Amino acid sequence: MNAVETGVAGTRVFVLEDEALVLFNLEDILADLGCSVVGPALRLDQAHDLLDKAAQADLAILDVNIGGKPVFPLAERLRDLGVPLVFATGYGRAGLPEEWQAAPVLQKPYTFEDVSTVLTAMRQAENG
């Protein structure tokens with residue numbers, strides 16, 4: 001499936017991931033889908049700085065655990081800005097607090113198809 005078929009081309013994706021190899025893979029997947037990466041951030045302080053500098057994104061993919069710290073305070077900031085969220089985690093939905101159970105989850109390790117499916121569903125939901 002190419003970027004035109006998925007409807008995600010041109011999507012600005014805020015990325016927070018602290019594992020370099022996982023980040024590089026995600027950046028490649030997003031590029032193949034025609035998305036642009038906002039950031040990326042490897043640390044929570046970098047992610048907050050990006051938001052402070054008015055980084056704009058259509059959605060965000062956040063690793064749940066960044067350097068041993070939970071990502072949920074940043075997720076709250078993004079939610080308050082109206083940015084839809086996807087959580088990336090090796091623990092699946094079980095790794096999310098109750099408040100975030102309805103959020104989309106990318107189960108690590110994820111594939112091109114996994115990312116494409118989640119982003120396509122999110123964009124379709126936004127567009128009614």
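Me: What should I know about the model before I start?
Reply: The model is predicted: local features need pLDDT of at least 70, side-chain atom pairs count only at pLDDT 80 or more, and totals for chains, interfaces and linings use all residues. Residues are numbered from 1 along each chain as its sequence is written, and side-chain values use heavy atoms, with hydrogens and water left out.

Me: How many aromatic pairs does the structure hold?
Reply: A pair of aromatic rings is described by the distance of the centres and the angle of the planes. Rings of Phe, Tyr and Trp (its six-membered ring) pair if their centres lie within 6.5 Å; planes under 30 degrees apart are stacked, over 60 edge-to-face, the rest tilted. The structure holds three such pairs. In one, the rings of Phe-72 and Trp-100 have centres 6.4 Å apart and planes at 20°, so they are stacked.

Me: How is the pair of Phe-87 and Trp-100 arranged?
Reply: That pair is edge-to-face, with 5.3 Å centre to centre and 75° between the planes. Ring pairs join Phe-72, Phe-87 and Trp-100 into a cluster.

Me: Which way do the residues of β6 point?
Reply: In a regular strand the side chains alternate between the two faces of the sheet. Strands (E, at least two residues) and helices (H or I, at least four) are DSSP runs, numbered from the N terminus. From β6, Leu-85, Phe-87 and Thr-89 point one way, Val-86 and Ala-88 the other.

Me: Are the residues of β6 buried or exposed?
Reply: Buried means under 20% relative accessible area, exposed over 50%, partly exposed in between (1.4 Å probe, protein chains only). Five of the five residues of β6 are buried, so the strand is largely enclosed by the rest of the structure.
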